[in-house]
Every structure is written in structure tokens, then in C-alpha cells.
Amino acid sequence: MAAGTVVVTVLVNRQVEPLSVPTLPDALPDIAEDDGARRADSLQAPSPTSDAASSTDLGAEPEAVVPTSVDEPGVEDAGRAVTGSGSAQEAAPIPVPSGDAPDWEGLARSVVQLWSPGCEQTGSGIITGDGGVVLTNSHVLHEGGDGSGPICEVNVGFTRSYADPPAGWRPASVVADDPIRDLAVVRLADAPGDVHPALEFVLGNLSLGDEITILGYPAFGQSQETLTFTSGRFSGTTTDDGGFVFHKTDALLDAGVSGGAVFDSDGHLVGVATGGVEGVGGHLGLVIPASDVLQFLRRNGFDSPS
């Protein structure tokens, strides 16, 4: 069997990530007010009578999910119905200096960690749209991590600093989900504000060998406590049996980084990390390109900010 066929089979079976359950925090951190923004004072579990526990019932039935059909690969959709959760674009995209080194610490503030305590799994996500929604992989939100199980309750933690665990945890509801293309959107209970701005996806013009950078929260050992910066090269493309194109990279994409942000060398957001394949000679990372992400967002009324 040709090597390319093996990769396609892995993608179809959604075995692009290890499915072992990572070590998770014991409980959802407190949500507190600090300088006008909701922040986490600590990683201690909230008491049953805390504001966080009383204001949102994480066990309640989640907001209805509007399933989305999958477009023919490479064809821009037109006139497709959107979910009722789309909203006006209010948040300006985070600026990326032109011709200068990217501000990775600034960009990192728009990358989040998703935690599903009931399903005991974590993932990464990207603040986009109007600043009140997070894009991630569909399999991050489904029990079992393969996109076929029931949707889990989800909480979102924000990056204050690469050296600190995520803070300001908020519950979120799944409002758009496409398990076939492995993309989903969750809406935050309340927007995090300007300190965590929405990122804009940019159609990439990557050439073979170009450097790319991934920001996310890998879920092995203690590394899930803080953001991880990983870099590698654009290594070409591969296509699954459904005709969907993935970018390949030699950057290490481990469990938990799924849904993480993929940038080019200028700091432009050009894709979403979705998994990795282990081979005899090493590791191959897989990325959903910005073209497919933008199509998914537009179809569901969550255009990237402009």
C-alpha cells in the first residue's frame, strides 16, 4: 500500500490523535472580577454557592446545535443557511506588524484551552468572529475524541501569559458543528474583551519548506498547564477519501493541540491544527487550511473579523 493511502485511511477513521485521556485539573477554576475583566484568582474548585456555579448550570441542556452539511471540496458555497447564532462583527482583528517579527505573546492571547470535565478531555481553540466565539476541532467537543460520540459540556480558559496556566474560565455552548470536516464553533457565556481579541484567518500562500508556527495546549504530562509554541515546515498537502485537503507539517502536533492556531512566518493565521500521524520514521502533523475554515465560518454566520 502506498504511503499516501495510509495517511488517508487514518484521516477517515479520525485516528489522527492519540485518544488516551490526559491528566486533567481537579475542578473548574473560579471566575472572579479583576480590573473590570473576569479573571481566575486561582485554580481552586468553586464552592457550590459561588457566583460561577449559580450563574450558569453546566449540566443544563446545551444550546441547540445546527448541523452543517459539507460542501464539495474546493467549491465556495453561496446562499447557504446560517445558524441563528451568527452576529455582527464587533471585535477588530489583532494587528500583525508588517515586515517585523510577529508578536507571538500578543497572538497567544487569542488562543484558548477547552476543557470538558465530564468527558475528561482537553483541546485548543482560537477566538474569532465577533470576539465572543471560539473555533476548534469538532472531535475536541465529542465524547471519545473521534467526532462520533455525544457532545460534551465545555469550558474555555484564556491565555494571559505563556508562562501561566489558562485563566478566566467561562462555560461555552456548541453552536455549529461539522464532524466530517472536523470544525466547530462554541459561543462564550460572555466575551473576554479587548485583552483577548478575535483573530482573522488569512488565505495562505505557503511554499514548500516555509516555516509555520503552532500555538496550543498539548495534553500530556504537565505541559497542558501552559501554552506551547511549536514550529516546523510546510511539508506539502494530502487529501482524504472525502476529497478534503490537509496541509502537512513536520511540527509536532500532539493531543490537546487540536484546534490550535497555525501561523505563517509573518504571523498570519493560515490554518487550524487538527492532529498527527505517527510513522516508522517520525511524526506528521496535519492542518486544516484557512480556505476551508473561512468557508465553514461564512456558512454558519461567523465570518472572520475584518
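I began with the contacts of Val 185 in this predicted model. Leaving out residues up to four places away in sequence, I listed Val 133, Val 134 and Leu 135 as touching Val 185. Ser 173, Val 174, Val 175 and Ala 176 also touch Val 185, as do Phe 296, Leu 297 and Phe 302.

I then looked up the largest nonpolar core, which has 30 residues. Val 185 is among the members that touch the most others, along with Leu 135, Phe 201, Val 293 and Leu 297. I noted which elements give two or more residues to this core: helices H3 (104–108) and H5 (290–299), and strands S6 (133–136), S8 (167–178), S9 (183–188), S13 (261–264), S14 (269–279) and S15 (282–289). Which element gives the largest share? H5 does, with five residues.

I also found a second, separate core of 15 residues. Val 112, Val 134, Val 174 and Ala 198 are among its members. Val 134 and Val 174 were already on my contact list for Val 185.

Next I checked the cysteines. The structure holds one disulfide, and it joins Cys 119 to Cys 152 with an S to S distance of 1.9 Å. I noted a torsion of about -105 degrees about the S-S bond of Cys 119 and Cys 152, so the disulfide is left-handed. Cys 119 lies in the loop between strand S4 (111–116) and strand S5 (121–128). Cys 152 lies in the loop between helix H4 (138–141) and strand S7 (154–158). The two are 33 residues apart, and the pair links distant parts of the chain. Are these cysteines buried or exposed? I recorded both Cys 119 and Cys 152 as buried.

Notes: Residues numbered from 1 in each chain as written. Predicted model: local features only at pLDDT ≥ 70, side-chain atom pairs only at ≥ 80, totals over all residues. Heavy atoms only, no water. Core = buried A, V, L, I, M, F, W, Y, C linked by side-chain atoms within 4.5 Å. Buried < 20%, exposed > 50% of the residue type's maximum accessible area, 1.4 Å probe, protein only. Helix = DSSP H or I, 4+ residues; strand = E, 2+ residues; numbered from the N terminus. Contact = heavy atoms within 4.5 Å. Disulfide = S-S within 2.5 Å.
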